[in-house]
Amino acid sequence: MTAIAAERYTGASIKRSEDPRILTGTGRYVDDIKLPGMLHAAFVRSPLPHARVISVDASAARALPGVVAVLTGADLEAMTVPGPDPLLSLMGWKGPSPEFTLLATDKVRLVGDPVAIVVAESRYLAEDGCELVEVEYDDLPPVVTAAFALDPDSPPLFANLGDNVARPHSRTEFGDVAGTFADADRTYDFHIDVHRHQNVPMEGRACIASFDADAGVMTVYAATQSVHLSRAVFAMRLGVEPGQVRVLAGDIGGSFGLKIGASREELAVGAASRHLGRPVKWVEDRGENLTVSGQAREESFDVRAAVSNDGDLLGLDVAMVVDTGSYPGMGVTVPDIMQGMLPGPYKLAAMGFESTAAITNKAPYVAYRGPWASETFVRERVLDLIARELGLDPVEIRLRNFAPRTDPPAMMITGRPLVGVTSKESLERIAQLVDFPAFRRRQAQALEQGRYLGIGVATFIEAAPGPRSPGGPSGPMGLESMRLRLGEDGFVVLFTGQMPHGQSHQTTLAQIAADEFGVPFDQVRVVVGDTDVVPFGLTGGSRSATMTGGVALHGARQLKAKVLDFAAHLMEASAQDLLITDGNVWVRGDPASAIAVSEIAARAASGQFGAEVDANLEVQATFDGGEGGWSGGTHCAIVEVDAETGLVKVERYVAAEDCGTLINPAVVEGQIRGGVAQGIGAVLLERSAYGEDGVFQSATFMDYLMPTTCDVPRIEIEHLETVPLDADVNFRGVGEGGMIVAPPTVVNAIEDALSPFGVRIYEQHLPPARILELMAAFSGRGARAGDGEGV
Amino acid sequence: MPDITMRVNGATRTASPEARKTLADFLRDDLDLTGTHVGCEHGVCGACTVIVDARAVRSCLMLAVQAAGSEVTTIEGLAPDGGLGTLQQAMWDSHSFQCGFCTPGMVMQATAFLADHPDAGEQEIREALSGNICRCTGYQSIVDGVLLAAERNRER
Amino acid sequence: MKLPPFDYEAPQTVSEAVELLAEHGDEASVLAGGQSLIPLLALRLARPAVLIDINGLDELSGVSSDDGWLTIGAMTREYVAEESERVAEAVPLLAAALPFIGHEAIRSRGTVGGSLAHADPAGELPAVARALDAEFVVRGPSGTRVIPAEEWFEGFLTTSRQPDELLEQVRFPTAGPGTGVSFQEVARRHGDFAIVGLAASMTLSDGVIGEARLALAGFSDVPVRATAAEALLAGERPSTGLFDEAARLVTDDADPPADLQGSSEYRKTVAAALVRRGLRAAAENALRGNH
């Protein structure tokens, strides 16, 4: 069975079924939900980054009218099952396991660490109550940098660890690192820093926990990327079977990796609800979201590059330190992904990679859209730095170093096959879309007028989901499930564990199923967000286009076969003579035979068939990703730097991307643009800032600066013709690429703009003051444009 | 607190909110109009934008009692009887949004702006919406939706 | 971030408001536009026992001119002042600065008086008031007094308004013939507070600068009047060299604040650039006769 006859929906920018409710304010986010008897929670939070908790006196708070309960860290440990971080447990982490409590008990480890939960009739009263809780602290010296954390003299945040190492140092080598470096014409050493910044979805973390004592069931209304993962974490911590927890999710206001599992506060809310026998709602405010929900990307890299005189990047040797903050979560696993991805689409003869993760008195490290993104930043920066040293063009050095697309595919030095990678085509496409020679002329003219324009490119690949093993997705992430049913009303219903929070799955999956099955788009319904009803799933890792798109396609095909087998009975025809198009089943060559799918469905549901006829029109489908494959592309930015103020304007931004077959171009483009906006934000605006004293300095939107309409230009997107790898499923993910490649693209352009000053950039955050500092720092020893640099 | 009366989406509403309750919370909690979203509570993100007496305002920076005697329009009041207004339709056609959390504020701000500046070009629209933060879209699709609505308004 | 509890008063006349202020003194905060105060309340950084909402005082709104002065009622919304042709004609520097205040929704509620009473040194209106020697008319229990801008701004978020006084009006001198103005600021994003801002006004007659007024936002804990630069400019012909020298005078001995947005040195660099750009723009506007 090959491709369906009329691909009406797949490939078209079908309007989203989500939008009528989104545009009319009738979406249902957690904070929109009101339950009878519902109470509201707020948290007493530490003003200190590191301190012992001597005492917590909640008597005044409890006496406040409207306050129903105040629970301390100790109270919550007593009413839940103590244990390590549930998410780390579920991920199978075998490394250092810091003591974990829902709220702080004997110690606080970051500004904002929750110390008590106040439950009251309203959030207003809960916050009033929080102010009345008296906590006595004994200050401890803060550990604010990874460097200090790794110093054995630093005070350990976790007594059971004895030091501040979240992940001990480890090193892996691929190929002959020593030999490659010894034989290379040149070696370079760089130190590159990526700064702390964070997800900042417009809706923060939120949940309502509602415990039904009679049924013994905890219902959680969650904002989460996976209802099943949330359920597992709640069940683990509350000490119940997963079947005793039901997690429901409706509309979610973004996440970008933040809302995975359940946070300490959400678990505290669950315990409080069970204790009180009433629903409890907690919606974090922006201060909480910025201060404690989690941060990412604070990574530093010592990089050695082995290079030939002609610009071949022969080897890389990278030592990474990641600052995982105070309750280290997935920060401890990020080095593994980075190591695997670091070579990108380039030929490397050898690579060394070592890493350490440090615990500090800062917000916990969480996944943020492309958590491994720094590997692309480091690599694409290094290529430009080498190009500048050798007088090579940034386009030229990349073309020179791309691994050619061969069959069998070239292998990344770290083991994954570069099957179907179109990096070269994407860079060539950029060179067609952006007239580099014309830009260089304009740049020179501008320079004469004292204006600094620059151009930068960067190339990336993204495992979305990536090719088959080795290194490919495995375990629960390696298999996607879906239940598909032809409902009594004639609707094709898809039950998926995907949990869209902006990804438009209710539209894109319906497009695929409608095409494959043969009903109009409006006759497909996508059901998400109920652990009682949908199979396991997680929206993340840019895998849903392939994995869920694929299971929708194959599942719809299987459901169709089942429906046709049933219809064959009704229509007294052979199933292989039946077609479904436009919502009708008909005998090939006999249009008058058409019966509506809804009619077929109604008949199946009528219960009039005996055991010999399978009238249960439902299938359980799974899909392992097929041939998988990479997404990737090249981005290009043109910037202007105001040399008097350091302000940077992104004048033009072009992306040439390959994400396989597009399901819905508008959705794809939206994902790319959103990611690029976050990348621009990271470079020019966003920083999660801590003082030397460990006090958090970016707790409002006046300090943590988000990109706005005036900061993000029109982003031109060119979709490349892909290399199909699979007979049916060539959709590939695109969710994270924009955020991964935009930062090096913009930084490369800024360095190019500042090349008259000889500036070299080894960092990602470039606010105006920093730009002026760099200009001043390098001016003395800088080379001028046209000084043999060739860039 | 004594009763206050205001007109919300064309209907007269009377209530007696605590003085410290913001208009945003009053709309959401007391009037069950949860379309207006709360994104920051300090007046920067714009998600809470509603129209009060023909002006776009940040409802998190008004006390509910300050809206006594005023005409308030929220996202729920824009569309005629469950349909979609021109701007909403244009934004649907333009794939303007993703997660939808910034949407009500964005739509209300754009509505107020277009009412006063029906012929605005892209740069003006971008400046007018620069106080509304969206994390998902990179803004281009939103700007396109507003431009399309303006064009359709002119064609009518 | 919910507001803390407070007693709420909504006086219907200025006298009532002043009585309340006299009664509660510094236990009370005045709620005008709320665009600065309500965030402080939400963050629980401000804890007034009493909030006196003066939005009912219609008599405090309005723009009128007389005798070389433009009088703006303290409760005049910023968007009203922005749209006012009278303001544009009489006090072009104010008209130039108003669009820089936040975003439209902020200006829907924010008031001219509220912004000046809040006295954020990075604010646009304080710099304009200081540049133009505006006058502040306050009413207290014992009557009305007029405070010149030089005495109004006392420190960070602090004015010489006494706790029992209410700002009623702000008066700006009307711009004379040959005036050209410029308001410039460097901010991280469109609509943000100025890192440094410059309110500049100059009169040109036969190509010679008569009087120049310069005030900086974000350069100290109050708006800074650049009197040395003004003295340099008076009587001279506009030129790049002159403006460079003015920029040096403004920044050489300055010690502006450092914060997340930039170091003290950075602010000086930016201020110098703004002075050069602002003076050039003001001179061009004066020459063109279009303010």
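1. Two strands pair if DSSP finds at least two bridges between them. Strands (E, at least two residues) and helices (H or I, at least four) are DSSP runs, numbered from the N terminus. In chain B, five strands form an open sheet with mixed pairing, in the order β2-β1-β5-β3-β4. Its edge strands, β2 (11-15) and β4 (55-58) of chain B, each pair on one side only.

2. This is a predicted model: local features need pLDDT of at least 70, side-chain atom pairs count only at pLDDT 80 or more, and totals for chains, interfaces and linings use all residues. Residues are numbered from 1 along each chain as its sequence is written, while chains are lettered from A and ligands numbered from 1 in the order in which they are written.

3. Strand β3 (residues 49-52) and strand β5 (residues 71-73) of chain B pair in the antiparallel sense over two bridges. There, B:V52 has B:V72 in β5(B) as its bridge partner.

4. Now chain A. Its open sheet of three strands runs β4-β2-β6, with antiparallel pairing. The edge strands are β4 (107-108) and β6 (134-139) of chain A. Strand β2 (residues 51-57) of chain A pairs with β6(A) over six bridges. A:V53 stands opposite A:Y137 in β6(A).

5. Chain C has domain 1 (7-53), domain 2 (58-173) and domain 3 (179-288); the bounds come from an automatic or database domain assignment. Over C-alpha atoms, the centres of domain 1 and domain 2 of chain C are 18 Å apart. Their contact (C-beta atoms, placed from the backbone, within 7 Å) takes 13 residues from domain 1 and 20 residues from domain 2 of chain C. Helix α1 (residues 14-24) of chain C gives the largest share of the domain 1 side, five residues.

Conventions
Contact = placed C-beta atoms within 7 Å.
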